[in-house]
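Let's take a friendly walk through the side-chain contacts of this model. Please have the sequence and the 3D view at hand.

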Amino acid sequence: MESIVLHGHLSSLADNLPPMFSGLAETCSLHLKSELGGSDMEEDFKAALSRARGEDTKGPSHASALHRYAVWLHNNSRDTEAKELLEEAVIFADSLSLNRTMAQVCCELEDHETAEKYLEKAVNSVRPGDQDVLGPLLTDLGQVMLLQGKTTMGIKYLQGAIEGYKNQVGTESPEYVRALNVVSIGHLMFGDSLRSNRARNEASKVLAALKKKNLIVDPS
């Protein structure tokens, strides 16, 4: 009920704010509507984008509207269209979330070279010491490197993620398990079965501990 009220409040706000803020409120409202199961989402995203282009060209609400619509397209397996919108957004906007979304879309389209470029931009924009954000990005970047056959660099980034979890965040994390599993593949690609097995065994051990503590569950 509170979510429905908030959606109505944001919709009303969008009609009464200056242009540079109204688009932001409108896209937030659309995102919440999608969570509530609203219909005709694509038409709503198109309308928000049209409004943002008219009132805040190359401003924050324009970039936000492009990004939100692109995420919706990506979630609906329409990555070619999503990439077109993101390519427009990155001309005048630069943010960690935008760069990561572009990388995810490029990966789905098997454009790993472009994905690498945007993941590197995302990594470089992370604040020092923010390992919760940096770790998953380094894992993504390492995986993209492996997919291109850049095994040495891929393992380097993956080890960076793993060391960050060990030294800063802690190892009780599904993302730590993911990094171990991906680096296991990297070591195998490099011909080092011993290190590969060690990483895979460590991942299995941590995963079992997470399940025991109910910190992660198997999909039903």
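Is glutamate 88 buried, partly exposed or exposed? Glutamate 88 is partly exposed, with a relative accessible area of 23%; here buried means under 20% relative accessible area, exposed means over 50%, and partly exposed lies in between (1.4 Å probe, protein chains only).

A word on the ground rules before we go on. This is a predicted model, in which local features need pLDDT of at least 70 and side-chain atom pairs count only at pLDDT 80 or more, while totals for chains, interfaces and linings use all residues. Residues are numbered from 1 along each chain as its sequence is written, and side-chain values use heavy atoms, with hydrogens and water left out.

Glutamate 88 has a partner to look for: its side chain meets that of arginine 53 in a salt bridge (2.5 Å, N to O). The term stands for a side-chain nitrogen of Lys or Arg within 4 Å of a carboxyl oxygen of Asp or Glu. This pair links distant parts of the chain, with arginine 53 in helix α3 and glutamate 88 in helix α5 (residues 79-92), 35 residues apart. Helices are DSSP runs (H or I, at least four residues), numbered from the N terminus. Arginine 53 is partly exposed too, at 35% relative accessibility.

By the salt-bridge rule, the count comes to 15. Another of them joins lysine 83 and aspartate 111, whose closest N and O atoms are 2.9 Å apart. Lysine 83 sits in helix α5 and aspartate 111 in the loop between α6 (96-108) and α7 (112-124), so the pair ties together parts that are 28 residues apart in sequence. Lysine 83 counts as buried at 17%, whereas aspartate 111 is partly exposed at 21%. Elsewhere, salt bridges that share partners join Arg100, Asp140, Glu175 and Arg178 into one network.

Now turn to the rings. The structure holds four aromatic pairs, meaning rings of Phe, Tyr and Trp (its six-membered ring) with centres within 6.5 Å; planes under 30 degrees apart count as stacked, over 60 as edge-to-face and the rest as tilted. In one of these pairs, phenylalanine 45 and tryptophan 72 have ring centres 6.2 Å apart and planes at 40 degrees, so the pair is tilted. Phenylalanine 45 belongs to helix α3 (residues 41-55) and tryptophan 72 to helix α4 (residues 60-75), 27 residues apart. Both residues are buried. Ring pairs link Phe45, Tyr69 and Trp72 into a cluster, and tyrosine 69 is buried as well, with a relative accessible area of 7%.

Technical notes
Helices (H or I, at least four residues) and strands (E, at least two) are DSSP runs, numbered from the N terminus.
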